[in-house]
Amino acid sequence: MVEPFPQFRYHPDPIATGAVERSEKECLACGRARAFIYVGPVFAEAELVDALCPWCIGSGTAAERFDAQYTDVSLGVPVGVPTSATDDIAHRTPGFRGWQQEHWLYHCDDGCAFMGEVGRRELDDYPDALAALRRESQLSGWGEDDVAVYLDSLTKGGAPTAYLFRCLTCGVHLAYSDFD
């Protein structure tokens, strides 16, 4: 009997986002080869924790065994977000790789769902996320023309790129951008 793929509240499709890939590697936490392995960041005491299965991430077994987390949730967490949400994101949700320090986005007093990397072209389908990126750039002190040039340069999988999130409560899309 094949065990169903784990469901992640805050990262609904880790295969599509590239955080999980097909692999015959054995998981360091359970010792099983389950045809999928996590390839995102692992922040742990151990030097090399490079083969964890999605099942051990979802159950929290891998985080507990290696004192690991997959996303730094210490940055920008609004006051109303419960510790249970940040704990789930840090210890039971696949993370994602960014150019600099990755961080999760929050809305409606909860963590948002990570939808993946996007470029300017993909952002046309998410005007609310594009508006969030415009505000982010303007808050950094950029002029309107510089913001437009920067946003037009966003490339999925490139540098700069944007990371798309969706609020689990109201459905609004948010994003932040990053570059090397």
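A residue is called buried here when its relative accessible area is under 20%, exposed when that area is over 50%, and partly exposed in between, with a 1.4 Å probe and protein chains only. Helices (H or I, at least four residues) and strands (E, at least two) are DSSP runs numbered from the N terminus. The model is a predicted one, in which local features need pLDDT of at least 70 and side-chain atom pairs count only at pLDDT 80 or more, whereas totals for chains, interfaces and linings use all residues. Residues are numbered from 1 along each chain as its sequence is written, and side-chain values use heavy atoms, with hydrogens and water left out.

E7 belongs to an open sheet of three strands in the order E5-E6-E7, with antiparallel pairing, where two strands count as paired if DSSP finds at least two bridges between them. The edge strands are E5 (113–118) and E7, each of which pairs on one side only, and the twist averages 25° from one strand to the next; axes for such angles are lines fitted to C-alpha atoms, for helices over the stretch in contact, and the angles run from 0 to 180 degrees between N-to-C directions. E5 and E6 are joined in the antiparallel sense by five bridges, and Phe 114 has Phe 165 of E6 as its bridge partner. Between E6 and E7, which also run antiparallel, there are six bridges, and here Leu 164 has Ala 175 of E7 as its partner. E6 and E7 form a hairpin with six residues between them, and Gly 171 in the turn has a positive phi of about 85°.

Arg 166, in strand E6 (residues 161–166), is partly exposed with a relative accessible area of 25%. Leaving aside residues up to four places away in sequence, Arg 166 touches Pro 12, Cys 112, Ala 113, Met 115, Gly 171, Val 172 and His 173. His 173, which lies in E7, counts as buried because its relative accessibility is 16%. With the same exclusion of residues up to four places away, His 173 touches Tyr 126, Asp 128, Ala 129, Leu 164, Phe 165 and Arg 166.

Which strands does helix H5 lie across? H5 lies across E6 and E7, and runs at about 45° to E7. Ala 131, a residue of H5, is partly exposed with a relative accessible area of 27%; Ala 131 and His 173 are 42 residues apart in sequence and 9.6 Å apart in space, C-alpha to C-alpha.

In H6 (residues 144–153), Val 147, Tyr 150 and Leu 151 are buried. They cover an arc of only 95° around the axis, which puts them on the same side of H6, the arc being that of the directions from the helix axis to the C-beta atoms. These buried residues pack against helix H4 (120–123), helix H5 (127–139) and strand E7 (173–178), whereas the face turned away from the buried side carries the exposed residues Asp 145, Val 149 and Asp 152.

Some backbone features lie in the loops. Most residues other than glycine have a negative phi, and most peptide bonds are trans. The peptide bond from Ala 159 to Pro 160, however, is cis, with omega near 5°, and Pro 160 sits in the loop between H6 and E6. Ala 35, in the loop between strand E1 (20–22) and strand E2 (36–38), has a positive phi near 80°. Asp 109 likewise has a positive phi, of about 60°, although it is not a glycine; Asp 109 is placed in the loop between E3 and E4 and is partly exposed, with a relative accessible area of 48%.

Methods: Contact = heavy atoms within 4.5 Å.
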